[in-house]
Amino acid sequence: MNVADAIAAAVADAAPITFTAPAIVPGRYLLVDGDYAAYFCSGNNETTIGDARTRFMQKLDDMRIAGGCEIVVLHLTAPGSHKGWRYVIATETPYQEQRSGSQRPKNWEALRDFMESYKGLAFKPKIWGTREADDGICYHKQVLAMDKAVIAMKDKDSQMFTGCIHLDWNTYELIPVEEGAYEVESSTGTMYGHKWFWIQLLAGDAADHIPGVGQILSHTGKMINCGMARAKDALCMSTGNEDAFDIVVKHYARRHGVTWPDRLVEQMGLLWMRQDKDALVDDFLRVVPKDSAYTQPVTEAAGRLVARVQEAIDNVPNY
């Protein structure tokens with residue numbers, strides 16, 4: 001038997017492959033990070049804008065079907081958005097400074113224009129000028145029932161979102177994360193829940209130029225740089241917001257001394273995804289325990305942060 005006949009025989013004997021598409025849930029939304037999708041679908045310098053649009057529309061439809069969604073909303077950060085005033089909040093290192101001057105894909109601008117001006121039935125664009133698209137998705141999922149909100153984001157900031165279903169951008173796995181959940185793990189080991197927020201407060205976020213605590217005390221008694229691995233180790237025994245808060249505060253106090261409350265709330269204001277409709281600077285207080293010994297100094301520092309941001313807003317001409 002030659003190779004061709006062997007292949008044909010194997011195909012004939014193989015069990016048929018069946019696939020059942022997930023049922024569409026009426027009223028279920030797919031909330032998509034359009035900022036990332038514009039980069040992801042732009043392709044390279046050889047990709048035409050037509051191909052980039054086709055890739056984008058196919059990606060949306062694949063995710064919609066995988067999530068069992070009826071409606072697609074594409075969240076975008078408006079050009080010139082003040083991004084929840086994070087540029088004002090950041091004093092230790094300039095927010096997203098390393099992104100200035102970075103080269104975008106050839107098709108990025110044309111694809112963004114297509115997304116923002118789209119009037120068809122495949123998706124609805126939602127453009128945010130008062131916050132980032134990430135914050136917009138976080139707020140949008142809050143006004144939906146958990147089983148009606150499917151989050152399609154590649155950005156790791158979304159890992160702190162609770163009360164929704166996460167859709168893995170690459171594998172399309174659906175990961176339900178209950179409201180207020182502290183730690184949920186996907187089949188690939190990705191962490192979801194509020195624990196991710198506390199880890200970021202220690203490790204920072206290099207993609208947005210957010211330093212976190214900077215350094216933590218090692219088991220040898222020396223201050224060492226705190227990356228993701230050390231942040232996870234520091235919080236490995238935590239089981240909820242209460243003990244995570246205490247652990248994070250102690251590391252900030254060791255690193256920053258008496259200024260720790262202001263250093264901590266600055267990082268909280270940068271890293272927390274705003275869940276409220278007004279994208280309040282101190283929305284992070286919703287995960288600060290009410291009865292910790294450290295609650296009052298953090299609350300007072302949050303008040304100072306809000307006042308500082310408001311002063312900057314008041315000094316912006318014609319805002």
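## An aspartate and its surroundings

Asp283 counts as buried because its relative accessibility is 7%, where buried means under 20% relative accessible area, exposed over 50% and partly exposed in between (1.4 Å probe, protein chains only). This is a predicted model, in which local features need pLDDT of at least 70 and side-chain atom pairs count only at pLDDT 80 or more, while totals for chains, interfaces and linings use all residues. Residues are numbered from 1 along each chain as its sequence is written, and side-chain values use heavy atoms, with hydrogens and water left out.

Asp283 is placed in the loop between α10 (260-271) and α11 (295-314); helices (H or I, at least four residues) and strands (E, at least two) are DSSP runs, numbered from the N terminus. Leaving aside residues up to four places away in sequence, Asp283 touches Trp272, Met273, Arg274, Gln275 and Asp276, contact meaning heavy atoms within 4.5 Å. With Gln275, a polar atom of the Asp283 side chain lies 2.8 Å from the backbone nitrogen.

## Aromatic pairs

Across the whole structure, a search finds 14 aromatic pairs. Rings of Phe, Tyr and Trp (its six-membered ring) pair if their centres lie within 6.5 Å, and planes under 30 degrees apart count as stacked, over 60 as edge-to-face and the rest as tilted.

The pair of Phe56 and Phe123 is edge-to-face, because the ring centres are 5.4 Å apart and the planes stand at 85°. This pair links distant parts of the chain, 67 residues apart, with Phe56 in helix α3 (residues 49-67) and Phe123 in the loop between α5 (108-117) and β3 (124-128). Phe56 is buried, with a relative accessible area of 0%, and Phe123 also counts as buried, at 4% relative accessibility.

Trp198 and Phe245 also form an edge-to-face pair, since their ring centres are 6.0 Å apart and their planes are at 65°. Because Trp198 lies in helix α7 (residues 195-203) and Phe245 in helix α9 (residues 241-256), the pair ties together parts that are 47 residues apart in sequence. Trp198 counts as buried at 0% relative accessibility, and Phe245 counts as buried at 0% as well. Ring pairs join Trp198 and Phe245 with Phe197, Trp260, Trp272 and Tyr294 into a cluster.

Terms used
A polar contact is a pair of N or O atoms within 3.5 Å; within protein, one must be able to donate a hydrogen and the other to accept it, and residues adjacent in sequence count only if both atoms are side-chain atoms.
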